[in-house]
Amino acid sequence: MSVNRLQQLKGHILPENKTQDMAGSPSPLSTHVLNTAMGIPGSNMPISLYRKDPSTGAWSLITTGATNDDGRCPGLIAKQMFTPDVYKMHFHTAQYWESMGLTSFYPYVEIVFTIKDPFQKYHVPLLLSRFSYSTYRGS
């Protein structure tokens, strides 16, 4: 087995390593992009996380990142920054498909969700093909 494949397997066996923020504590919010058309992780997809200001309705950028080789984006938000609010994850899908020489019907996907209890863990996956997508709240 190659070293790269062993690292990938390690990532599946030790999922707690995938939700660590830069300070090393677990992120309460995680995502996983899966390219369901090809049966592979959606790797190297840029993601932006926003919070909605309840008084103005304006979106404020919290952080940006990109999915790793397994389609995950660890460390989206630190526990101390995760408050009850409305959040939005913006997935740059056109850029992802173009990197493979393909086009997509959706230039981006935005998933908007409400957090009532910031002490819970929230997993918001994106199942994606060039002409469809779906999501759900995981654990």
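Biologist: Is Arg72 buried or exposed, and at what relative accessibility?
Modeller: Arg72 counts as buried because its relative accessibility is 18%; buried means under 20% relative accessible area, exposed over 50%, and partly exposed in between, with a 1.4 Å probe and protein chains only. Keep in mind that this is a predicted model, where local features need pLDDT of at least 70 and side-chain atom pairs count only at pLDDT 80 or more, while totals for chains, interfaces and linings use all residues. Residues are numbered from 1 along each chain as its sequence is written, and side-chain values use heavy atoms, leaving out hydrogens and water.

Biologist: Which side chain meets Arg72 in a salt bridge?
Modeller: That is Asp70, at 2.9 Å, N to O. A salt bridge here is a side-chain nitrogen of Lys or Arg within 4 Å of a carboxyl oxygen of Asp or Glu. Asp70 is buried too, at 8% relative accessibility.

Biologist: How many salt bridges are there?
Modeller: The count is 3. Arg51 forms one with Asp85, their closest N and O atoms 3.6 Å apart. This pair links strand 4 to strand 6, 34 residues apart; strands are DSSP E runs of at least two residues and helices are H or I runs of at least four, numbered from the N terminus. Both Arg51 and Asp85 are buried.

Biologist: And what does Glu110 meet in a salt bridge?
Modeller: Lys88, at 3.5 Å, N to O. Glu110 counts as partly exposed because it has 33% relative accessibility, whereas Lys88 is buried at 10%.

Biologist: Switching to the core. Which residues touch the most other members of the largest nonpolar core?
Modeller: Leu29, Phe91 and Phe113, out of 22 residues. Such a core is a set of buried Ala, Val, Leu, Ile, Met, Phe, Trp, Tyr and Cys residues joined through side-chain atoms within 4.5 Å. Strand 7 gives the most to this core, with 4 residues.

Biologist: What does Leu29 touch?
Modeller: Leaving out residues up to four places away in sequence, its contacts (heavy atoms within 4.5 Å) include Leu49, Leu76, Phe113 and Val124.

Biologist: How many aromatic pairs does a search of the whole structure find?
Modeller: There are 6. Rings of Phe, Tyr and Trp (its six-membered ring) pair if their centres lie within 6.5 Å; planes under 30 degrees apart count as stacked, over 60 as edge-to-face and the rest as tilted. Tyr106 and Tyr133 are edge-to-face, 5.0 Å centre to centre with 85° between the planes.

Biologist: Which residues do ring pairs link into a cluster?
Modeller: Phe82, Tyr87, Phe113 and Tyr122.
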